[in-house]
Amino acid sequence: MQTVLVKMVVSDEDYLRFKPLLLSNAATSLKEPGCHFFSVSEKPNKELCQTEFLLYEEYSDMEAFHEHLKTSHFLSFDDQTSAMLKSKNVAFYDLIQK
């Protein structure tokens, strides 16, 4: 199993547009055959007027993750939200216990 952690930061100005797009993408991703888990968490930072989102995803393997990146829903999400992101970091881990 492949674990993917994604941290994304958006400004408060973009929050209300970004969040429903993110949640829709997550829900649709769970319908993909290689996606076993997809959770979304958020951490507001009022001092910086921004929110950090943490995505925790589990895929059968890297091939399944790469297939996810080719789906129409992900490409649409990426296109609609890329300009809203203040930052985005992606990390990959091999799941060793669940």
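Because the model is predicted, local features are reported at pLDDT of at least 70 and side-chain atom pairs at pLDDT 80 or more, while totals for chains, interfaces and linings use all residues. Residues are numbered from 1 along each chain as its sequence is written, and side-chain values use heavy atoms, with hydrogens and water left out.

The structure holds 4 salt bridges, a salt bridge being a side-chain nitrogen of Lys or Arg within 4 Å of a carboxyl oxygen of Asp or Glu. One of them joins D14 to R17, with 2.3 Å between the closest N and O atoms. These two residues sit 3 residues apart in helix α1 (residues 12–29), so about one helical turn separates D14 from R17. Helices (H or I, at least four residues) and strands (E, at least two) are DSSP runs, numbered from the N terminus. D14 is buried, at a relative accessible area of 9%; here buried means under 20% relative accessible area, exposed means over 50%, and partly exposed lies in between (1.4 Å probe, protein chains only).

Another salt bridge connects K19 with E42, whose closest N and O atoms are 3.5 Å apart. This pair links distant parts of the chain, since K19 belongs to helix α1 and E42 to strand β2 (residues 35–45), 23 residues apart. K19 is partly exposed at 27%, and E42 is partly exposed as well, at 36% relative accessibility. K70 and E67 also form a salt bridge, with the closest N and O atoms 3.3 Å apart. K70 is exposed, with a relative accessible area of 56%, whereas E67 is partly exposed at 42%.

Cysteines come next. A disulfide is a covalent bond between the sulfur atoms of two cysteines. With a cut-off of 2.5 Å between cysteine sulfur atoms, a search of the whole structure finds 0 disulfides. C35 is buried, with a relative accessible area of 7%, while C49 is partly exposed at 43% relative accessibility.

In the hairpin of β2 and β3, which has 4 residues between the strands, C49 takes a positive phi near 55 degrees. Strand β2 pairs with strand β3 (residues 50–59) in the antiparallel sense over 10 bridges, where pairing requires that DSSP finds at least two bridges between two strands. The bridge partner of N45 is Q50, in β3. T51 also has its place in strand β3 and is buried, with a relative accessible area of 3%. Not counting residues up to four places away in sequence, T51 touches M8, V9, V10, D12, Y15, E42, K43 and P44, with contact meaning heavy atoms within 4.5 Å.

Finally, the aromatic rings deserve a look. Rings of Phe, Tyr and Trp (its six-membered ring) pair if their centres lie within 6.5 Å; planes under 30 degrees apart count as stacked, over 60 as edge-to-face and the rest as tilted. A search of the whole structure finds 7 aromatic pairs. Among them, F37 and Y56 are edge-to-face, at 5.7 Å centre to centre and 75 degrees between the planes. F37 lies in strand β2 and Y56 in strand β3, 19 residues apart, so this pair links distant parts of the chain. F37 is partly exposed at 36% relative accessibility, as is Y56 at 24%. Y59 and F65 form another edge-to-face pair, with 5.4 Å centre to centre and 70 degrees between the planes; both Y59 and F65 are buried. One aromatic cluster is formed by Y15, F18, F53, F74 and F77.
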